[in-house]
Amino acid sequence: MTRSRDNADHYSGLGASNPTVTLGSNATFPAGHVIQVVGNQTAFSTTDFSVTNSTVKDADGNGLTISGVTAGNLLKMHIAGGYHRMYGAGSGTGGCNWKIVASPNSGGDTLVSGTRLYMRDYNSDYLHVPISIVGMYIVPSGVTSVEILRELTPTTINSSWNSTADVPMSCSIMEIQQ
């Protein structure tokens with residue numbers, strides 16, 4: 001019997017009409033292999049996300065969740081798009097921190113990444129800025145799902161980080177084998 005015939009007999013249930021393979025529970029992947037990807041163009045259900053001189057964070061359930069994760073694997077997330085602005089009462093001087101927070105199904109929230117923009121002596125009430133943030137998070141032991149949330153902290157000005165129908169915000173999360 002030829003090698004191709006042996007393989008055909010062994011994989012007889014696999015064909016063009018049934019390309020599904022079920023892996024056993026002991027299946028392993030090399031480091032760097034992407035295990036799963038989730039994404040959503042309208043990931044954040046709180047569209048009016050603005051604050052003055054305090055911190056606002058998405059409530060649990062308003063972010064994007066990745067489930068079935070494995071402890072020790074890396075989650076790489078990216079938030080981009082939406083409508084962002086900083087504004088003051090005529091002076092437009094101050095800063096703002098845009099952050100990514102990981103909220104696991106067990107344990108506390110963790111600051112993952114962020115960016116800060118500072119405007120000084122800006123001669124307009126508004127500064128519209130593009131925001132694109134990438135973060136990485138190692139899944140802790142006992143965690144099976146992680147929700148990605150936004151956090152916004154202005155210093156001395158008003159800020160917003162909104163997702164609208166005209167300018168949607170997107171979020172993606174990859175689980176990567178470590």
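Strands here are DSSP runs of E with at least two residues, numbered from the N terminus. This is a predicted model, where local features need pLDDT of at least 70, side-chain atom pairs count only at pLDDT 80 or more, and totals for chains, interfaces and linings use all residues. Residues are numbered from 1 along each chain as its sequence is written, and side-chain values use heavy atoms, with hydrogens and water left out.

**Exercise 1.** Find which strand is joined to S4, and how many bridges join them.

*Solution.* Start with the rule: two strands pair if DSSP finds at least two bridges between them. Next, look at strand S11 (residues 145-154): four bridges join S4 to S11, and the two run antiparallel.

**Exercise 2.** Look for the salt bridges in the whole structure and say where the partners lie.

*Solution.* A salt bridge is a side-chain nitrogen of Lys or Arg within 4 Å of a carboxyl oxygen of Asp or Glu. The search finds three of them. For the burial of each partner, buried means under 20% relative accessible area, exposed over 50%, and partly exposed in between (1.4 Å probe, protein chains only).

- Step 1: Lys57 and Asp109 meet at 2.5 Å, N to O. Lys57 lies in strand S3 (residues 56-57) and Asp109 in the loop between strand S7 (94-104) and strand S8 (110-119), so the pair ties together parts 52 residues apart in sequence. Lys57 is partly exposed at 35%, and Asp109 is partly exposed at 37%.
- Step 2: Arg150 and Asp58 meet at 2.9 Å, N to O. Arg150 lies in strand S11 and Asp58 in the loop between S3 and S4, so this pair ties together parts 92 residues apart in sequence. Both Arg150 and Asp58 are buried.
- Step 3: Glu151 forms a salt bridge with Lys99, with the closest N and O atoms 3.3 Å apart. Glu151 is in strand S11 and Lys99 in strand S7, 52 residues apart. Glu151 is buried at 14% relative accessible area, and Lys99 is buried at 18%.
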